[in-house]
Amino acid sequence: MSVTAVPREHSSKSFGLYFVGGCSGTTCDSDVCVLELECGGPGCGVLTGHWTKVITSGEAPLPRQQHSTVLKDNVLYVVGGRCSDGLVGMTVYALDCQTHVWTAVGQHGPTPSPRCGHLALLQGDV
């Protein structure tokens, strides 16, 4: 499972904490869930929230664990990870956080070897 916080449009004091994939026991999934958090007190000393399972469409990643996610312009990028069949990949998928549509990201040039349990960071204006 990987977690990324995404600012929400409806309030400057609310955000969504996205959970993508992961395993529970021996079962892996590719579910996307969001914890909608809102500032519940003066100075935002108290956060309140509720869970929602996000219904997605498009070309979603296979169920996986030990992947990374990064956020850029309201799009979550899922990188690599170990699929439920045990294979490790390096495919990159993008989830538009407003339309909830997945797309596979085309890659050109030398690709890093497949990996899981890694960290991905976004730098600069990509």
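Asp73 is exposed, with 64% of its relative area accessible; in the terms used here, exposed stands for over 50% relative accessible area, buried for under 20%, and partly exposed for what lies in between, computed with a 1.4 Å probe and protein chains only. The residue sits in the loop that joins β7 and β8, where strands (E, at least two residues) and helices (H or I, at least four residues) are DSSP runs numbered from the N terminus. Although Asp73 is not a glycine, its phi is positive, at about 50°.

The side chain of Asp73 also takes part in a salt bridge with Lys72, at 3.8 Å from N to O, the rule being a side-chain nitrogen of Lys or Arg within 4 Å of a carboxyl oxygen of Asp or Glu.

## Model and confidence

The structure is a predicted model, in which local features need pLDDT of at least 70 and side-chain atom pairs count only at pLDDT 80 or more, while totals for chains, interfaces and linings use all residues. Residues are numbered from 1 along each chain as its sequence is written, and side-chain values use heavy atoms, with hydrogens and water left out.

For the protein chain the mean pLDDT (the predictor's confidence in each residue, from 0 to 100) is 80, and 82% of the residues reach 70 or more. Residues 7–12 have a pLDDT below 50, and in the model this stretch makes 13 contacts beyond near neighbours in sequence, a contact being heavy atoms within 4.5 Å.

## Overall fold

The secondary structure of the protein chain consists of 10 strands and zero helices, so that along the sequence the pattern reads β-β-β-β-β-β-β-β-β-β. Of the contacts with a separation of 6 or more, 43% are made between residues 24 or more positions apart.

Among the 126 residues of the protein chain, 35% are buried. The accessible surface comes to about 7500 Å², and 55% of that area belongs to carbon and sulfur atoms; these areas come from the Shrake-Rupley method with a 1.4 Å probe, and for residues only the protein chains shown count as cover.

## Nonpolar cores

The largest nonpolar core has 11 residues, namely Tyr18, Val20, Val32, Val34, Val54, Leu76, Val78, Tyr93, Leu95, Cys97 and Trp102. Two or more of these residues come from each of β2 (14–24), β3 (27–39), β8 (75–83) and β9 (88–96). Apart from this set lies another core, of five residues, including Val70, Met90, Val92 and Ala120. Such a core is a set of buried Ala, Val, Leu, Ile, Met, Phe, Trp, Tyr and Cys residues joined through side-chain atoms within 4.5 Å.

Val54 belongs to the largest core, and, when neighbours within four places in sequence are left aside, Val54 is in contact with Tyr18, Val32, Cys33, Val34 and His100. Cys97, another residue of the largest core, is buried, with 3% relative accessible area.

The side chains of Lys53 and Asp31 meet at 3.5 Å, N to O. Because Lys53 lies in strand β4 (residues 47–54) and Asp31 in strand β3, this pair ties together parts that are 22 residues apart in sequence. Both ends are partly exposed, Lys53 at 49% relative accessibility and Asp31 at 28%.

## Cysteines

The structure holds one disulfide, a term that stands for a pair of cysteine sulfur atoms within 2.5 Å. The link joins Cys23 and Cys28, whose sulfur atoms are 1.8 Å apart, and with 75° about the S-S bond it is right-handed. Cys23 counts as partly exposed, at 31% relative accessibility, whereas Cys28 is buried, at 16%.

Cys83 is buried as well, with a relative accessible area of 11%. The closest cysteine sulfur to that of Cys83 is in Cys28, and because the separation is 8.8 Å, the two are too far for a bond.

## Gln66

Gln66 is a residue other than glycine with a positive phi, near 60°. Gln66 is found in the loop between β6 (64–65) and β7 (68–72), and at 35% relative accessibility Gln66 counts as partly exposed.
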